Amino acid sequence: MRPVFYLFSVDGADLTDTLMDRVTRLTVVDAEGLASDTLEVELDDRGQRIQLPASGDRLRLLLGYLERPPVPTIGDFVVDEVRLSGPPLTISFSAKGADMVRTSVKAPRIDAGDDDTLDKLARRIAERQGLEPHIHPDAAHIPIGHIDQQGESDMALLTRVARARDWVLRLDGERLTLRPHAGNLPPAREPQPWRPALHRLDARQITRYDYTSNSRSQYSKVRSHYYDPDTGRRVPVEVGDGQHPDAPVMEVRHDAKDERAARDAAAARLRQLRRSSGSLTLELPGDTRLLAGHHVLVTGLSDPVGGQWVVQRAEHTLDASGLRTRIECVPPSEGGRASQDLIDEIIEEVQ
């Protein structure tokens, strides 16, 4: 199959024909979190006839195979750096999936009262930044209490508050997305609202894999604290199965305002620790369906490699060797595991 890309300026101009025979390497990275999509393009500048993109130019990328229409839209990008080098004469430029210049500027302080929720804070920031909010409904039920914004941008503040609850903030063009980490969301056969897609990857599709275990899996409990206003005492709250009584207990650094907040903070930290207990990197022929936040079901390989994983970072590279994909994965939490019926359905489709 023939890999193909299409690159447009957001105002509608098609740049593909101009760049098609000049591109020596194109790499797009999709990752969980605020520093989400990035695009790197390297061009052969023989004859010095290429019109340079300018910082701030907005581009849209489609990447896939000519024989598999429609070619998927990977995302919109804002050019942030242009480089020239030689010999040989080369132009390269990079772009980000969100206007990080605008959203990283330190903003006037946002005051959050004790009754504010994660949803209210995110919507207030989205309105101030001129972004469309796309927020998981559970955010309306997550109190955040009083917070201080001191010397940080709106996005840095929202990222900090979200990460403490094991949520993820993403900027996709002009849209602000806030949701639980994909590892906590149960997948579906096809993408659904707030349910990521589950893709099957057979061992025969994989050209290389690397699995790493991490000693942080030794923690079986996490302890947080809050202050009891009636007694004035610092009260511990523990979350975890305690199946390994000799294992150390992880301590949450900052105290919470009440018991519920302390329990939520400990549960979020425990989920993060369990995701870091192992990681899997897969390399395979280009598959631009695989994006950060999607789940994959690896078959044909024994445990611990075989099974369900969550894509934390996806990198797609097009060069003289063709289109290749590299994904970095973490294990899902219990709440993010696919049902056995869905797993059986996916496996039966190829038998």
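The conversation below concerns the pockets and one threonine of a predicted model.

Biologist: What is the volume of the largest pocket?

Modeller: In this predicted model, the largest pocket has a volume of about 1,500 Å³.

Biologist: Which residues lie nearest its centre?

Modeller: The largest pocket has a lining of 46 residues, and those nearest its centre are Arg160, Val161, Arg163, Ala164 and Arg165. Helix H4 (154-163), strand S8 (167-172), strand S14 (249-251) and helix H5 (259-275) each give two or more residues to this lining.

Biologist: Which element gives the largest share of that lining?

Modeller: Helix H5 does, with nine residues. By class, the lining of the largest pocket holds 19 nonpolar, 11 polar and 16 charged residues.

Biologist: And how much space lies in the second largest pocket?

Modeller: The second largest pocket holds about 720 Å³ of space. It is lined by 26 residues, with Arg175, Arg179, Pro191, Ala292 and His294 closest to its centre. Strand S9 gives the most to this lining, namely three residues. The classes here are 10 nonpolar, six polar and 10 charged.

Biologist: Changing topic, where is Thr299 found?

Modeller: Thr299 belongs to strand S16, which covers residues 295-299.

Biologist: Is Thr299 buried or exposed, and why?

Modeller: Thr299 counts as buried because its relative accessibility is 12%, and the cut-off for buried is under 20%.

Terms used:
Residues numbered from 1 in each chain as written. Predicted model: local features only at pLDDT ≥ 70, side-chain atom pairs only at ≥ 80, totals over all residues. Heavy atoms only, no water. Helix = DSSP H or I, 4+ residues; strand = E, 2+ residues; numbered from the N terminus. Buried < 20%, exposed > 50% of the residue type's maximum accessible area, 1.4 Å probe, protein only. 1 Å grid on protein atoms, 1.4 Å probe; cavity = no way out; pocket = protein on both sides within 12 Å on 5 of 7 lines; lining within 4 Å. Points joined across faces, edges and corners; volume = space filled by probe spheres on them. Nonpolar A, V, L, I, M, F, W, Y, C, P; charged D, E, K, R; others polar.
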